[in-house]
Amino acid sequence: MSVIRLGYVHIRVADLAESAEHYQNTLGMDRVAEADGRHYLKSWDEHDHHSVVLEEGGVGLVKLGYKVESTADLDLYEKRARAFGTTVQRMSAGDNVGIGDGLRITLPSEHVLELYSDAEYLGNATGNWNPDPWPREGLRGIGVPRLDHTLITTESPALLERFFSEVLDFRAAEHLVGGEDNEDLIASWMFCSDQPHDIAFVKGEQGKLHHFAYHVDDWSSLRHAGDLFSMRDVPIDFGPARHGITRGETLYFFDPAGNRNEVFAGGYRTGPDFRTITWTMDNAARGINYTHRELDPDFLNVVT
């Protein structure tokens with residue numbers, strides 16, 4: 001597989017200063033650049049230039065960036081994406097601060113997806129020689145180590161899954177199906193690494209963001225995050241709880257603009273021989289919130 005991981009999430013926020021304070025002091029990210037009304041942030045265990053871009057002016061997703069192994073991959077993906085019928089543009093180094101040449105694809109879901117192979121290397125906070133397990137100077141706020149995955153909405157999960165499978169070689173880890181014969185794909189969790197999901201999509205409005213997630217170590221980290229959210233009056237959506245789908249442990253919350261975030265731990269390993277798991281709609285609440293087996297409809301309906 002040559003798509004490596006989710007590299008960056010670029011979002012809009014209503015108040016740049018207020019949101020920057022949240023991402024830097026509550027989540028613990030570092031600001032690495034500021035230009036043209038945008039803040040570029042990275043977590044302490046990330047090596048590339050940035051993983052989150054905050055752009056002032058509203059709320060919601062601007063675009064997603066996924067890193068690929070080589071520039072040769074870009075040629076292949078451009079050919080496949082054009083054959084699939086999607087709109088593809090070449091982007092140049094400098095179009096995104098710290099990011100090299102790449103492709104900009106408008107997905108069937110109307111989201112903008114960028115693929116790139118080169119990013120300015122800044123290194124993580126512990127270095128590559130005899131590193132400590134975390135920065136000696138300590139962590140700020142939660143101290144999220146890295147970006148993990150995202151979930152977006154689309155009118156046709158089946159079409160979007162076909163794009164990610166046929167064009168980008170992602171595989172489906174889990175399905176949520178409905179309809180009379182369970183033939184209607186409601187949601188799909190897909191991977192390009194050994195995680196249970198690197199992207200997921202659920203049936204809903206075109207072009208919207210449900211959430212993007214940070215990896216944290218374990219259940220204790222989720223509890224610590226919940227404590228900090230309470231201290232700082234961060235709105236919590238649900239959790240801490242366990243997902244049935246992915247088996248991950250989770251806590252959902254909102255940034256000051258209303259974009260939903262998640263801190264996520266655990267989950268199983270996937271790989272080329274992983275067989276897709278299927279959930280049916282009568283078990284959807286257990287799949288999403290295994291701990292409480294109930295689901296607030298707003299969790300699916302509120303998107304940005």
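Guide: Start with contact, which means heavy atoms within 4.5 Å. By that rule, 43 residues of domain 1 are in contact with 39 residues of domain 2. One caution: this is a predicted model, where local features need pLDDT of at least 70, side-chain atom pairs count only at pLDDT 80 or more, and totals for chains, interfaces and linings use all residues. Residues are numbered from 1 along each chain as its sequence is written, and side-chain values use heavy atoms, with hydrogens and water left out.

Visitor: Into which domains is the protein chain divided?

Guide: Domain bounds come from an automatic or database domain assignment. Here domain 1 covers 3–119 and domain 2 covers 146–301. Their centres, taken over C-alpha atoms, are 20 Å apart.

Visitor: How is the size of an interface often given?

Guide: As the accessible area lost when the parts come together. Buried area is the accessible area (1.4 Å probe) that two parts lose on being put together, summed over both. Between domain 1 and domain 2 that is about 3100 Å². Carbon and sulfur atoms give 69% of that area.

Visitor: How many polar contacts are found across the interface of domain 1 and domain 2?

Guide: A polar contact is a pair of N or O atoms within 3.5 Å. Within protein, one must be able to donate a hydrogen and the other to accept it, and residues adjacent in sequence count only if both atoms are side-chain atoms. The rule finds 12 residue pairs across this interface, both residues at pLDDT 80 or more.

Visitor: Which element gives the largest share of the side of domain 1 that touches domain 2?

Guide: Strand 1, with 10 residues. Helices (H or I, at least four residues) and strands (E, at least two) are DSSP runs, numbered from the N terminus. The elements giving two or more residues to this side include strand 1 (3–13), helix 1 (16–26) and helix 2 (71–84). By type, the residues of this side are 24 nonpolar, 12 polar and seven charged. Ala, Val, Leu, Ile, Met, Phe, Trp, Tyr, Cys and Pro count as nonpolar, Asp, Glu, Lys and Arg as charged, and the others, Gly among them, as polar.

Visitor: Now salt bridges. What is the general idea?

Guide: Side chains of opposite charge can pair when their charged atoms come close. The rule asks for a side-chain nitrogen of Lys or Arg within 4 Å of a carboxyl oxygen of Asp or Glu. The count comes to 20 salt bridges. Two are between domain 1 and domain 2. Elsewhere in the list, Arg-232 pairs with Glu-21, the closest N and O atoms being 3.8 Å apart.

Visitor: Which parts of the chain does the pair Arg-104 and Glu-114 tie together?

Guide: Arg-104 forms a salt bridge with Glu-114, at 2.7 Å between the closest N and O atoms. Arg-104 lies in strand 7 and Glu-114 in strand 8, so the pair ties together parts 10 residues apart in sequence. Both residues are buried. Buried means under 20% relative accessible area, exposed over 50%, and partly exposed in between (1.4 Å probe, protein chains only).

Visitor: And what of Asp-184 and Lys-203?

Guide: Their side chains meet in a salt bridge too, 3.1 Å from N to O. Asp-184 is in strand 11 and Lys-203 in strand 12, 19 residues apart. Asp-184 is partly exposed at 32% relative accessibility. Lys-203 is partly exposed at 38%. Back to Arg-104 and Glu-114: salt bridges that share partners join them with Lys-63 and Asp-95 into one network.

Visitor: Where is the cis peptide bond?

Guide: From Gly-239 to Pro-240, with omega near 5°. Pro-240 is found in strand 14.

Visitor: Last, which residue has a side-chain oxygen at the start of helix 1?

Guide: Asp-15; that oxygen reaches to within 3.1 Å of the backbone nitrogen of Ala-17. After helix 1 comes Gly-28, with a positive phi near 90°. Among the buried residues of helix 1 is Gln-24, which touches residues including Met-29 and Arg-140.

How values were computed. Lists of a residue's contacts leave out its neighbours within four places in sequence.
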